[in-house]
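Please read the points below with the sequence and the coordinates at hand.

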Amino acid sequence: MTQSLMKAAAVQMVATPQPEENMLAARRLIGQAAQQGAQLVLLPEYWPIMGMKESDKVAHAERTDDGPIQAFMSGLAREHGIWLIGGTLPMAAAEPGKVLNTLMVYNPAGERVIRYDKIHLFNFTRGDESYDEARTIVPGSSVTTFEAPVGRVGLSVCYDLRFPELYRAMGDCALIVVPAAFTHTTGKAHWELLLRARAVENQCYVLAAAQGGQHVNGRRTWGHSMLIDPWGEIKAELPEGEGIVVGDIDVHHVQRVRDSLPALRHRRM
């Protein structure tokens, strides 16, 4: 059944190399979101583990519907009766020594609805700062959406944000989600700019859940989890540290924006 209004929350974390610690933090923050009335909750990228080195996550890779991380997410979705979009977790890949960086979606009954494997892999070098996800991650290939009570939700992860063609391929979405672990360097320069652009050009809500702070492994992530409306206005934001942002997904507001400025109907290619 379609509903016109849905409260959504993004969880911001500062994940550690210990999955048990991260699960405790996620449980607490998801509980806070549910207490504030959130019906849909988004976790950040790499929420179960931010290892001391990139390869640490490989040891925690799970297979579909089999593993403690997935059981944890399913159980919390069922416990709170929410749609839980599980940031990303490492999933087994065919290539030895690598994983898929996977987003799982669970419905209020705790059932897995769909999975999305991150397509675009981050690569950045500036001075002593260097990242190359392709060393430990196999890219996905399928554009993925699912139907929530407020309409279609488009799934993307972090570096995907820089590729607008991905979002066009999703079709007519009421909401786009972006779990992320943006670096402080790239986040300061481009995070808000790109998120607001995706909201404006697709005339839909964008909910972004970030890692946000100084991690045990020395990495610093940008944070600034936020909810942005179809006009590009930031409705809620958390600069840094653990916490949640909460706001409404209003289908009528999406339609008002599209009626007043029918840019999506004006497309020529």
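1. The model is predicted. Its protein chain has a secondary structure of 5 helices and 15 strands. The radius of gyration is 17 Å, close to the 18 Å that the globule rule gives for 269 residues, so the chain is as compact as a globular protein of that length. Along its principal axes, the C-alpha trace spans about 50 × 45 × 35 Å.

2. Of the 269 residues, 58% count as buried. The accessible surface comes to about 11400 Å², and carbon and sulfur atoms account for 51% of this area. Of the contacts between residues at least 6 apart in sequence, 66% join residues at least 24 apart.

3. Helix 4 comprises the 19 residues 184-202. At 1.5 Å a residue it should span 27 Å, and its end C-alpha atoms are 26 Å apart, which agrees.

4. Buried residues of helix 4 include H184, W191, L194, L195, R198 and N202. The buried residues of this helix pack against several elements, among them strand 11 (175-180), strand 12 (205-210) and helix 5.

5. R258 is found in helix 5 (residues 251-260). Is this arginine, R258, buried or exposed? R258 is buried, because its relative accessible area of 10% lies under the 20% cut-off. Beyond its neighbours within four places in sequence, R258 is in contact with residues including D172, N202, Q203 and L264.

Notes:
Residues numbered from 1 in each chain as written. Predicted model: local features only at pLDDT ≥ 70, side-chain atom pairs only at ≥ 80, totals over all residues. Heavy atoms only, no water. Helix = DSSP H or I, 4+ residues; strand = E, 2+ residues; numbered from the N terminus. Buried < 20%, exposed > 50% of the residue type's maximum accessible area, 1.4 Å probe, protein only. Contact = heavy atoms within 4.5 Å. Expected span 1.5 Å × (residues − 1). Rg over C-alpha atoms; globule rule 2.2 N^0.38 Å. Areas by Shrake-Rupley, 256 points an atom, 1.4 Å probe, with all protein chains shown as cover.
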